[in-house]
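Please look at the sequence and the model first.

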Amino acid sequence: MDLTLKIWRQNGPQEKGEMKTYPISGVEQDMSFLEMLDYLNDQLINEGIEPVVFDHDCREGICGMCSLFINGEAHGPGRKVTTCQLHMREFKSGDTIYIEPFRAKAFPIIKDLMVDRSAFDRIQRAGGYISVNTSGNTIDANAIPVPKENADKAFDAATCIGCGACVATCKNSSAMLFASAKISQFSLLPQGQPEAKERVLNMVHQMDLEGFGNCTNTGACEVECPKGISLENIARMNRDYLFASLSSNK
Amino acid sequence: MALDSKVPEGVLADKWTKHKGEIPLVSPANKRLLDIIVVGTGLAGSSAAASLAEMGYNVKAFCFQDSPRRAHSIAAQGGINAAKNYQNDGDSVHRLFYDTIKGGDYRSREGNVHRLAEVSRNIIDQCVAQGVPFARDYGGLLDNRSFGGVQVSRTFYAKGQTGQQLLLGAYSALNRQIAKGRVKMYARHEMQELVVVDGKARGIIAKNLVTGEFERHSAHAVLLCTGGYGNVFFLSTNAMGSNVTAAWKAHRKGAYMANPCFTQIHPTCIPVSGENQSKLTLMSESLRNDGRIWVPAKKEDAEAIRSGKLHPNDIAEEHRDYYLERRYPAFGNLVPRDVASRAAKERCDAGYGINKTGEAVYLDFAAAIMRYGGEEAHVKGLKNPSDVEVKALGEKVVEAKYGNLFQMYEKITASNPYKEPMMIYPAVHYTMGGLWVDYNLMTTVPGCFALGEANFSDHGANRLGASALMQGLADGYFVAPYTVGEFLSTDIRTGRISTDSPEFEAAEQAVRERTEKFITNNGTKSVDFFHKRLGKIMWNEVGMARNEEGLKQAIADIQALREEFYADVRVLGAANGMNPELDKAGRVADLIELGELMAKDALERNESCGGHFREEYQSAEGEALRDDENFAFVSAWEFTGIPAEANLHKEELTFENVELKTRSYK
């Protein structure tokens, strides 16, 4: 396949970036999107041009490290896939492909297509845990039965990979799908109850501090989420937040 | 130096309890004076950093990814073993211990493995308390499944994402300590050098991958939780960033590398499709419960398939060779990983492989679909259903069992496994070898510990399915937090370690020079060019089957490759600032050296055991011949300058509680 790539190049956080054009030929249908970028980078190195910087690691759709806004969509045209799971057979020879970083105020660009998503870690640190020491001397695992339906819903929420596609997709750059996934996981489990109120208040507060916007129920995040995290989680978080705001002593 | 495993004396089942009781304690006031560095934030690293911080030590944690949650433990699919015996099927700590020793082909240490089996139960309790959403049955209790050919159901799981859920659990424990200020987290930082002062590990040189700056970090102990080195093969199921640099730098500073040639090659992965492929994807072992593995019985059929003139569905039953069922009638398609991998390679080498590369075999669900469809038709009371009806019913059953895997397969290959057989081939998956550690998980450099896949201790020559997650969390939550006390209790009067010492200066200088050399090299070939060549050498000569001649050739080829690499590698950009190519160059340089040592280790081990198969040591039927008389030892290699000239130290393995037997699956 022959393609024209329009790629965002930016040397550093404070520098001005621009779209650059790279024609590329010899791309195979079986390549993943990131392998296509590897292939481009190998050519760039041979031509003495600095390779394009992008985040990636596991290349099987689970680590959440890869990102990319491809032709105006987070993780490209596929549904329920990350960029590393997208294959070139989704495109045809002659296509022009626009490749940009995930853009949001809270995700500053580090270089080229790589952004800083450490705001997500800080939201998790504000309460995305159950306060239990790792002594191993907790009660027996089967002493806490959890209804299967709740356990399955908690699992579904917990499959969030923290990639940030929801933020990049949202017109408000909201991180509410991300934060609500973790809040919901614990909200649905008995182990999460003692700290439930503080958790939702603190995590939402941190989300605001980081500069993420609010949810206006467009639902684009759910569509673009590679793990299909449900909007239901945002509703649950809002309900928990309201309850906590009205009843918390803090 | 004599290798002392320091396994406590006494009855096997009491060793760990006794040892824990005898480790000197460090008082809370003194813990505050002690610093610990943890490198890597996978299951072992995150759990260790969180636990040590809870105990009161000052912890600094490092990971090269942008967040500790991204470590490659996250990609583990199947599950985690624990001797809970919730299913009342006769499981026990002793049975898990025995299965692990036997599965490892009797090349692991009894004391360590028994401890692993003991603490496996605490892991499940701990993770549930943390809110890890394991699969449950309708009564709300935890569910289990069978795994890896053992005879009990002891594997806990969270769909096909068990590693993700366990890592996020450890990550949450770590976050709690970061929030408290007990752990200082350094993401996008990579360890470049171990700093040894007066014979003890006292810190690291880390690179800030965003700014390119080198940082000195001192501590009273350094824990390497940096995973395995499967990427020495270039293509593996490891993440792209997985590397051996931290472990290798420790090796160069005196830590022995143990059994480096013990590599696990997983039989069911999606085959290589082309020269530009960057990584391989695993298809869960569970598929072998229902899939039948075959290749064409006639060479001309295999050739016709490779050139696209023949479709597998058009090959008649009698012209198919179900080679695992033929060779191993007792276990059939469910032989252990090492046996299944070698058998696939044997058929492909003989010219019966399929796919355009000739390196693939079929994993066929057609029979299972018809069998399940027939059962469904019976349940539904259908009289004389047509084949089409039966097939449709059967596909539904298979979808319920394996739907997500079939979907993943189709995404990658664009082929529908309900309609035509899957193509699979073995791929590098896990490394049993690693830094030599004693019972306290300390390497031969005092104060330098290794946890999880980075050490060698528990899996012998072959790891059982669902045991890697168990070991990572056991080491990090329950073993190292106790055992570091033995070393650190002697350090309570040491005071803070200065980073202004000549040792730190020299270490940083060495790192700077290495980096500078890559940038100013002005070569002509990219880093990947060399990495791919290393991978080819390793796969061909140090892969699933090895022989003396090939291994000697591999050593010579790798040495030549190393010279060429340093002479001709091209790294663009600058040393300061973000430069992933530069970081990759450093990793590949270390993988090249490691590859040479792996070949040397494989050459010296004149037996076949577990994942290590030497063609010279096989029975007339092609089965592995282990040599317990001469090779029941751990090979621990001491670096001397050239990997192939490393000094061999032997830790003899003694088996007081199990009887050594030949594994047979006929």
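Q: Is B:Tyr566 buried, partly exposed or exposed?
A: In this predicted model, local features need pLDDT of at least 70 and side-chain atom pairs count only at pLDDT 80 or more, while totals for chains, interfaces and linings use all residues. Residues are numbered from 1 along each chain as its sequence is written, chains are lettered from A and ligands numbered from 1 in the order in which they are written, and side-chain values use heavy atoms, with hydrogens and water left out. Buried means under 20% relative accessible area, exposed over 50% and partly exposed in between (1.4 Å probe, protein chains only). With a relative accessible area of 27%, B:Tyr566 is therefore partly exposed.

Q: What kind of aromatic pair do B:Phe565 and B:Tyr566 form?
A: Rings of Phe, Tyr and Trp (its six-membered ring) pair if their centres lie within 6.5 Å, and planes under 30 degrees apart count as stacked, over 60 as edge-to-face and the rest as tilted. B:Phe565, at 0% relative accessibility, counts as buried. Its ring centre lies 5.3 Å from that of B:Tyr566 and the planes stand at 75 degrees, so the pair is edge-to-face.

Q: Which residues do ring pairs link into a cluster with B:Phe565 and B:Tyr566?
A: The search of the whole structure finds 28 aromatic pairs over all chains. Besides B:Phe565 and B:Tyr566, the cluster linked by ring pairs contains B:Phe518, B:Phe529 and B:Phe530.

Q: What is the angle between the planes of B:Phe631 and B:Phe633?
A: Both residues are buried, B:Phe631 with a relative accessible area of 11% and B:Phe633 with one of 5%. Their rings form a tilted aromatic pair, 5.6 Å centre to centre, and the angle between the planes is 35 degrees.

Q: How much area do domain 1 of chain A and domain 2 of chain A bury between them?
A: The domain assignment, whose bounds come from an automatic or database source, gives domain 1 (2-111) and domain 2 (117-247) in chain A. Buried area is the accessible area (1.4 Å probe) that two parts lose on being put together, summed over both. Of the area between these two domains of chain A, 59% is on carbon and sulfur atoms, and the total is about 1600 Å².

Q: Which residue does A:Glu224 meet in a salt bridge?
A: A salt bridge is a side-chain nitrogen of Lys or Arg within 4 Å of a carboxyl oxygen of Asp or Glu, and the count between domain 1 of chain A and domain 2 of chain A is 2. At 3.7 Å, N to O, the side chain of A:Glu224 meets that of A:Arg79.
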